[in-house]
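Please look over the sequence and the model shown below before reading on.

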Amino acid sequence: ELNKLYRDYFRSIVDKSGLTWEVNMWAHFENRYGWSPKWFKGDHNDSIIRVPADYIPVVASLTTIPSRRTDCILAITSLIAQVDHIYLSVCKKYERFQEPWETPGVFESEPYASKLTIVYSDDYGPATKYIGAVDKIPANTWVFICDDDQIYHPNLILRMKYSLQSYSVLQNHCEQIKKKTSGGLVHGYVGLFMSSNMMRGLKGFDLPQPARFVDDQWASIYCFKHGIPIVGSTIEEYKDIFEVLQGWHERIGVNSVASLNNRAEMVRAIAGFFGVRFLEGGGVEAV
């Protein structure tokens, strides 16, 4: 909006009144043309770019399968008040399941009706949570990418907003992931922030068959290939990420890809496909 105001009126204002301080231009746009920015206090230091958390737009993106309809409702319910909108990507036809998706009737009522968009997508496996709705999500928006079988802590998104300090993937549980990762730092089950602008490239990024089983490793490789840093949030403990735990760890949903017991094989396969090596501590390097 400010860009358009400058393009439309700046030349005529300068021709009539000469050059002036930018703050005078802003005041003129407010008084004459109805520009109504949101203000926050900043100084001539990093505080000028630390946008208050209340002003940061965040949506959620996740996918689900027919057998997790109940779990999915619980996950979305835990997020509905925390984000501006939720995009649930479901598949027209699932490769692993014969049962079709049936949208729960509760999603037709509030608060779901106005804050939840069902996106029908091709089946990319768990990677559907990254790319199923990518064309629907507005630009310049932070996206909370998560799983459908978790009930997330009611203060999680707000705390993640306060952790945003750079244009990076913001990963929860990051320090713990470094100690136990099976490849890369991206792990969707604990939740992460990725800019919708970063996500645009995922739609055209190679998605080999192994990525349908190890989507987080695939996303880690994408970040490596595109020079996107992955940084940890201040949120490490499961009790601060999940509202409900299962034996001191995350809930395990039905028909999880982990139950296929092929993770190590798929991690090796995807690393070979992209010509990379997963390092201890979550790093990725070319081979």
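Predicted model: local features only at pLDDT ≥ 70, side-chain atom pairs only at ≥ 80, totals over all residues.

Which residue follows helix 11, and is its phi positive or negative? The residue that follows helix 11 is Gly-275, and the phi of Gly-275 is positive, near 65°.

- Helix 11 covers residues 263-274, which makes twelve residues, and from its first C-alpha to its last it reaches 17 Å, close to the 16 Å expected at 1.5 Å a residue.
- The residues of helix 11 that are buried are Met-266, Val-267, Ile-270, Ala-271 and Phe-274.
- When helix 11 is seen down its axis, these buried residues fall within an arc of 135°, and therefore they line one face of the helix.
- Such a pattern can be read from the geometry of helices in general, because an α-helix has 3.6 residues a turn, so that residues three or four places apart point the same way.
- Arg-268 and Gly-272, in contrast, lie on the other side of helix 11, where they are exposed.
- The buried residues of helix 11 are covered by parts of the structure that include helix 9 (215-225) and strand 8 (276-278).

**Aromatic pairs**

- A pair of aromatic rings is described by two quantities, the distance of the centres and the angle of the planes.
- When the whole structure is searched, 20 aromatic pairs are found.
- In one of these pairs, the ring centres of Tyr-189 and Phe-242 are 6.5 Å apart and the planes stand at 25°, so the pair counts as stacked, because planes under 30 degrees apart are given that name.
- Tyr-189 belongs to the loop between helix 7 (174-180) and strand 6 (192-195), while Phe-242 belongs to the loop between helix 10 (238-241) and helix 11, so this pair ties together parts that are 53 residues apart in sequence.
- Tyr-189 counts as buried at 14% relative accessibility, and Phe-242 counts as buried at 2%, because the cut-off for buried is under 20% relative accessible area.
- In another pair, the ring centres of Phe-205 and Trp-218 lie 6.1 Å apart with the planes at 40°, so this pair is tilted.
- Phe-205 is buried, with a relative accessible area of 14%, and Trp-218 counts as buried at 0% relative accessibility.
- Ring pairs also link residues into a cluster, whose members include Tyr-189, Phe-242, Trp-142 and Tyr-238.

Note on methods: Residues numbered from 1 in each chain as written. Heavy atoms only, no water. Helix = DSSP H or I, 4+ residues; strand = E, 2+ residues; numbered from the N terminus. Expected span 1.5 Å × (residues − 1). Buried < 20%, exposed > 50% of the residue type's maximum accessible area, 1.4 Å probe, protein only. Arc of directions from axis to C-beta. Contact = heavy atoms within 4.5 Å. Phe/Tyr/Trp six-rings, centres within 6.5 Å; stacked < 30°, edge-to-face > 60°.
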